[in-house]
Amino acid sequence: MTILDLTMDFHGERFPAEIKREEMPLQSGLTKYTGIIYTITHDGMSGTYIDFPGHIAETDDGVRADTFPVEDIYRVQTQVLRMHRKSGSGAVTAADLEAAAGGKLTAKNVILNALGDLEPNDIENRSVYLDDSALDWLIDNGCKLLVSDIYESQALHGVFLKLFAAGVTTVCHPVHLGKIAAREVKMTILFSKLPITQLPCRLIVEY
């Protein structure tokens, strides 16, 4: 069995993540040692992160990280769609997705590797993106959780608004998707049980 960690190194999307390390001496009549305590300040878009529909106020369905069903993120069957798009190559369409899927989706969880062996930071930002027909195809085929190395265009035409309105949860900034050597995998997404709708996560697949 192969296990791949598809998680980007932790960093701040809007501002640098700050990690403060504090030493706390602890002592009793029986023992003495120094505890290490961390204070972490970061935004929800740090490294690889998960977005629930409530990340947009207009599509908030009340689901948060602390209420999302664990059975929908632990070793879930996931279909992998692969392309080899280059920087600046524009829209990924419904026809592109259908060809990559071999006709239709076989799972409600999808990993879209549009960039092949390229990483998201290897291309011009948002120069490859999902168009409206691709979004409709994903939604109409029953996608409920999408992990992708592309999403929105430079024009900001509403990719996340449309996905979230249809109840699709997304994972952004995954890495190493081109290393997945299988068309179907079991996927696990790990994150803290916090009452929020966007937060860093760890993304793992096995096959």
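1. A residue is called buried here if its relative accessible area is under 20%, exposed if over 50%, and partly exposed in between, with a 1.4 Å probe and protein chains only. The model is a predicted one, in which local features need pLDDT of at least 70, side-chain atom pairs count only at pLDDT 80 or more, and totals for chains, interfaces and linings use all residues. Residues are numbered from 1 along each chain as its sequence is written, and side-chain values use heavy atoms, with hydrogens and water left out.

2. Helix α2 covers residues 132–140, and its buried residues are Ala134, Leu135, Trp137 and Leu138. Seen down the axis of α2, these buried residues fall within an arc of 160 degrees, so they line one face of the helix; the arc is that of the directions from the helix axis to the C-beta atoms. Helices (H or I, at least four residues) and strands (E, at least two) are DSSP runs, numbered from the N terminus.

3. Which elements cover the buried residues of α2? The cover includes β5, β6, α1, β8 (128–130), β9 (145–148) and α3 (159–165), where contact means heavy atoms within 4.5 Å. Just after α2, Gly142 takes a positive phi of about 90 degrees.

4. Side chains of opposite charge can pair when their charged atoms come close. A salt bridge is counted when a side-chain nitrogen of Lys or Arg lies within 4 Å of a carboxyl oxygen of Asp or Glu, and by this rule the count comes to seven salt bridges. One of them joins the side chains of Asp66 and Arg64, at 2.9 Å from N to O; Asp66 is partly exposed, with a relative accessible area of 23%, and Arg64 is partly exposed too, at 31%.

5. Another salt bridge brings together the side chains of Glu206 and Arg75, at 2.9 Å from N to O. This pair links distant parts of the chain, since Glu206 is in strand β13 (residues 202–206) and Arg75 in the loop between β4 (49–51) and β5 (76–82), 131 residues apart. Glu206 counts as buried at 13% relative accessibility, whereas Arg75 counts as partly exposed at 35%.

6. The side chains of Asp96 and Arg85 also meet in a salt bridge, with 3.6 Å from N to O. Asp96 lies in helix α1 (residues 94–101) and Arg85 in the loop between β5 and β6 (90–92), so the pair ties together parts that are 11 residues apart in sequence. Asp96 is partly exposed, with a relative accessible area of 28%, while Arg85 counts as buried at 16%.

7. Strand β2 (residues 18–27) and strand β3 run antiparallel and are joined by 10 bridges; two strands pair if DSSP finds at least two bridges between them. β2 and β3 form a hairpin with four residues between them, and Gln27 stands opposite Lys32 in β3.

8. On the surface, Phe10, Ile19, Ile36, Tyr38 and Ile40 form a nonpolar patch with about 500 Å² of accessible area together. Patches are made of residues with over 30% relative accessible area and no salt bridge, with like charges joined within 9 Å and nonpolar side chains (Val, Leu, Ile, Met, Phe, Trp, Tyr) within 5 Å; accessible areas come from the Shrake-Rupley method with a 1.4 Å probe, and for residues only the protein chains shown count as cover. Strand β3 (residues 32–41) gives the most to this patch, with three residues, and Tyr38 is found in that strand.
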